[in-house]
Amino acid sequence: MRFIDKKTLIFDLDETLIHCNESTLIPYDVKLPIKFPGGETIEVVHLFKTETNQCPLQAGINIRPYAIEILKEMSALFEIIVFTASHSCYANVVLDYLDPKKQYIHHRLFRENCVQTPEGVYVKDLRIFANRDLNDLILVDNAAYSFGNQIQNGIPIIPYYNNKEDMELKSLMPYLRVLAESKDLTEVIRQTFKLEQYTQYDSADAVLEKVVLGV
């Protein structure tokens, strides 16, 4: 399915739409069964975003407030894609819970679609969307390095863990409505976040001095 007349809104999964706990002793919203390729079924697991996945840990899922609402509302304005650095056997179960009728999330991309750096970090290079104009792509992600190759397309968001008072996604919706109607959304994002300025500094301390202290 392609949306010729709509821009593409891409969401990260972990710590953006949901958080997966590493233990069921931690309060959670829902437990889901994960079936591995070998046929084994266990309680929902957190497959870490590194190459060294050891024995999976039982865990529960915390759903970020307004996660389902933002997917539902924005699907009327955008083509919606979830792009995660997690494995599909885990992510698909979570996404099926968020969108059981597959009404809102139009496409899903996983770890194998990322670019791995020499340091083992998984980056979401938006050039993978060869049949879409980069100026029509938005990536909402709690990890800014994820959109490091196309910083002008990225919307950073505070990581989510378990704060039931979190309002990040609700607050983001009016801004996304503006982007849906913008001719050049990358310019709007550039003017809003000015992320390219952070690439001019050699350390986090230098950025802090500039942004907070105005030095």
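In what sense do strand 1 and strand 6 pair, and over how many bridges?

Good morning. The structure before you is a predicted model. The protein has 5 helices and 11 strands. Of its 215 residues, 45% are buried. If we take the contacts between residues at least 6 apart in sequence, 71% of them join residues at least 24 apart.

Let me return to the opening question. Strand 1 and strand 6, residues 79-83, pair in the parallel sense, over 4 bridges. Within this pairing, Ile-10 stands opposite Ile-81 of strand 6. Strand 1 also pairs with strand 10, again in the parallel sense and over 4 bridges. Here Phe-11 has Val-140 of strand 10 as its bridge partner.

Please look now at the side chains of strand 1. In a regular strand, side chains alternate between the two faces of the sheet. In this strand, Thr-8 and Ile-10 point one way, Leu-9 and Phe-11 point the other way, and all are buried.

I turn next to helix 3, which covers residues 168-180. Its 13 residues reach 18 Å from the first C-alpha to the last, close to the 18 Å expected at 1.5 Å a residue. Which of its residues are buried? They are Leu-169, Leu-172, Met-173, Tyr-175, Leu-176, Leu-179 and Ala-180. As a general point, an α-helix has 3.6 residues a turn, so residues three or four places apart point the same way. The buried residues of helix 3 pack against several elements, including strand 1, strand 10 and helix 1, which spans residues 67-74. Strand 11 and helix 4 are also among the elements they pack against.

As for Leu-176, leaving aside residues up to four places away in sequence, its contacts are Leu-9, Phe-11, Ile-70, Met-74, Phe-78 and Ile-155.

Arg-132 is located in the loop between strand 9 and strand 10. Is Arg-132 buried or exposed? Its relative accessibility is 15%, so Arg-132 counts as buried, the cut-off being under 20%. The side chain of Arg-132 makes a polar contact of 2.7 Å with that of Glu-79, and another of 2.8 Å with the side chain of Asn-131. Arg-132 also lies 124 residues from Thr-8 in sequence, while their C-alpha atoms are 8.4 Å apart in space.

The other residue is Asp-14, in the loop between strand 1 and strand 2. Asp-14 has a relative accessible area of 0% and is therefore buried. With which residue does the side chain of Asp-14 make a polar contact of 2.5 Å? The partner is the side chain of Tyr-90.

To close, strand 1 pairs with strand 6 and with strand 10, and the buried residues of helix 3 pack against strand 1. Thank you for your attention.

Key:
Residues numbered from 1 in each chain as written. Predicted model: local features only at pLDDT ≥ 70, side-chain atom pairs only at ≥ 80, totals over all residues. Heavy atoms only, no water. Helix = DSSP H or I, 4+ residues; strand = E, 2+ residues; numbered from the N terminus. Expected span 1.5 Å × (residues − 1). Buried < 20%, exposed > 50% of the residue type's maximum accessible area, 1.4 Å probe, protein only. Contact = heavy atoms within 4.5 Å. Pairing = 2+ DSSP bridges. Polar contact = N/O pair within 3.5 Å; in protein donor to acceptor, adjacent residues only side chain to side chain.
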